[in-house]
Amino acid sequence: MPISFNNAKFIKGAHKLEQCLPDTGLEVAVAGRSNAGKSSALNVIVGNKSLARTSKQPGRTQQINYFELGEQQYLVDLPGYGFAKVPPKLRQHWDQTLSAYFETRQSLAGLIVIMDVRHPMKDLDRQLIEWVADIGIATHCLLTKSDKLSKGKAAAALQETRRQLALIEPDISAQLFSALDKRGVDEAREAIHGWLTDQPAS
Ligand code: GDP
């Protein structure tokens, strides 16, 4: 089935796993530390400035948000992690919900991890990447805000991140991205497109 990034439509927000869409289609999840630039990246990838709200209060509006790209093909915006001010109970809720999501979700074809190119592979990023690699979920990393570094420094950050990722799992890929100058948008779309179309629908 073809997918259309530009006609992405918000379908629903879920606070619990039971509220997610039926586990029958194909979906690509997007995760990242709060403030890494996830909402901005999503908005640029789907060509819509306000689809995934760029939050001024990270950690406040935490939901699993479903965007439809095609028939039974979805982009899933996961709650940002690592925000210090999240109340412990809410943090525990999301830890448990996301564990169950990654471990059980049949529709999940791949995970995009958004990291700030200036601070990639923080502890929580690494934990997430190691954990989903163990489960066997394909992962692609976007090093965003690359407009903030010189070309040379961005390339060096990408190389170092790839080196660290390869130690976790050789198939994990990474690229530079910028929501500001739109660098890497096509590459990110290709990764998502591949996951949503190449695999047989369940
Ligand atoms: P989220 O919490 O991960 O969803 O992060 P946001 O998308 O809300 O972005 C956090 C901050 O970083 C905001 O002030 C954005 O304007 C800024 N930002 C996000 N992406 C980029 C980028 O590619 N380049 C630059 N220069 N700033 C960015």
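**Entry 1: model.** I worked from a predicted model.

**Entry 2: H2 against H3.** I looked up how helix H2 (residues 88–104) lies on helix H3 (residues 123–135). The two pack at an angle of about 35°, and their axes are 9 Å apart. I recorded the crossing of H2 past H3 as right-handed. On the H2 side I listed Leu98, Ser99, Phe102 and Glu103, which meet Leu128, Trp131, Val132 and Ile135 of H3. I then sorted the residues of this contact by type: six are nonpolar, one is polar and one is charged. I noted beside this list that residues three or four places apart in an α-helix point the same way, because there are 3.6 residues a turn.

**Entry 3: H1.** I asked how many residues of helix H1 (residues 38–45) are buried. Seven of the eight are, and the helix is mostly covered. I listed the buried ones as Lys38, Ser39, Ala41, Leu42, Asn43, Val44 and Ile45. Their cover includes strands E2 (26–32), E4 (73–77), E5 (108–116) and E6 (139–144), together with helix H5 (185–197). Just after H1, I found Gly47 with a positive phi of about 60°.

**Entry 4: ligand.** I found 17 residues around the ligand, of which Lys38, Ser39, Ser40, Asp147 and Ala179 come nearest. I next looked up backbone atoms facing ligand oxygen atoms. For Asn35, a backbone N or O atom lies 2.7 Å from a ligand oxygen. The corresponding distance for Ala36 is 3.3 Å. A polar backbone atom of Ala179 is 2.7 Å from an oxygen atom of the ligand.

Notes
Residues numbered from 1 in each chain as written. Predicted model: local features only at pLDDT ≥ 70, side-chain atom pairs only at ≥ 80, totals over all residues. Heavy atoms only, no water. Axes fitted to C-alpha atoms, helices over the stretch in contact; angles between N-to-C directions. Helix = DSSP H or I, 4+ residues; strand = E, 2+ residues; numbered from the N terminus. Left-handed = near helix turned anticlockwise from the far one by under 90°. Contact = heavy atoms within 4.5 Å. Nonpolar A, V, L, I, M, F, W, Y, C, P; charged D, E, K, R; others polar. Buried < 20%, exposed > 50% of the residue type's maximum accessible area, 1.4 Å probe, protein only. Near = heavy atom within 4 Å. Polar contact = N/O pair within 3.5 Å; in protein donor to acceptor, adjacent residues only side chain to side chain.
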